[in-house]
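Dear colleague,

I am handing over the structure we spoke about, and below it you will find notes on what came out of going through it. Please read them with the model open beside you.

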Amino acid sequence: MRRRSDAGHGIPVSPARLQGSGDVDSQSPDAKSAMIEIAEKLIGERGLDNVSMRDVASLAGQRNNSAVQYHFGSRDGLIIEVLRRRLSEIVIDRQQRLAEIDEAGLGTDLPSLVHVLLGPIVDLVRRRPEATHYARFLQRVGPVMAPGVPETDLRTATDDAVVRLIDAMSHLPRRVAFERIDLATQMFTGALAVFEDRRDVRNTVVNADFEKVVAHLYDMVEAALRAGISSPSESASPSSEVDGDAETRADVR
């Protein structure tokens, strides 16, 4: 059974408790959006344990230190909102990509499915090269928090892409294929996070060109998914089969 996050279930602070605090703009929709943007940036740069909600509220222009609790219920609630905002965009992109490869007769082609799964994340970073911190944010919190996002309990284009990839990896037991996909995507997003770090400090010694980095990563992921099993005991493991729809739950966000 997948471990569940209780993120986002905190009780919001009553608006009455904020009266007289001097924070008249804390109820603005723009204030909420600003805190989501700031949280993604700060957590991506510093890590989850080095960002306080006071920091987020302050840098978002909120004078009241309870602004995050008011809008999101808790720190975890704020993190889930960052994930939710990006996930909705990414899932739509994956739906379109699946439709395109189906129309081209490539709906079971492994390289095409890899691009369906990872291309939306690449495009998100590519569109805002100096503004996005999503790869780093995802590396910091995605493996821990993403299973708690309600939308991930629905059958999405991400689930379909993962199942199709497992089918395309018929040289592996289904459980092993599922684990490979999960690890390969963590490698992919982790490398993009390193690229973002190097970009920010202008480290151009290695992999300074974004498109070259992405091309390397696609080749590496495809090679990882096509690889065989080095340990005979792994293929004979009782856990080599995936139960139910667990095969659709690789942490690809």
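A residue counts as buried here when its relative accessible area is under 20% and as exposed when that area is over 50%, with partly exposed in between. Please keep in mind that this is a predicted model.

On that scale Thr-158, which is found in helix 8 (residues 157-168), is buried, because its relative accessibility is 4%. The side chain of Thr-158 is joined to that of Arg-94 by a polar contact of 2.6 Å.

In the loop between helix 8 and helix 9 lies His-171, which is partly exposed, since its relative accessible area is 41%. Leaving aside residues up to four places away in sequence, His-171 touches Leu-225, Arg-226, Ala-227 and Gly-228. A polar atom of the His-171 side chain lies 3.2 Å from the backbone oxygen of Leu-225, and the backbone oxygen of Arg-226 lies 3.1 Å from a polar atom of that side chain. The C-alpha atoms of His-171 and Leu-225 are separated by 9.8 Å, although the two residues are 54 apart along the chain.

Leu-225 also belongs to the contact between helix 9 and helix 10. The axes of helix 9 (residues 174-200) and helix 10 (residues 210-226) come within 10 Å and cross at roughly 165°, so the two helices are roughly antiparallel. The crossing is right-handed, and the residues making the contact include Arg-180, Phe-188 and Phe-195 of helix 9 and Phe-210, Leu-217 and Tyr-218 of helix 10. The contact residues divide into 16 nonpolar, no polar and one charged.

Notes. Residues numbered from 1 in each chain as written. Predicted model: local features only at pLDDT ≥ 70, side-chain atom pairs only at ≥ 80, totals over all residues. Heavy atoms only, no water. Helix = DSSP H or I, 4+ residues; strand = E, 2+ residues; numbered from the N terminus. Buried < 20%, exposed > 50% of the residue type's maximum accessible area, 1.4 Å probe, protein only. Polar contact = N/O pair within 3.5 Å; in protein donor to acceptor, adjacent residues only side chain to side chain. Axes fitted to C-alpha atoms, helices over the stretch in contact; angles between N-to-C directions. Parallel < 35°, antiparallel > 145°, perpendicular 65-115°, else oblique. Left-handed = near helix turned anticlockwise from the far one by under 90°. Contact = heavy atoms within 4.5 Å. Nonpolar A, V, L, I, M, F, W, Y, C, P; charged D, E, K, R; others polar.
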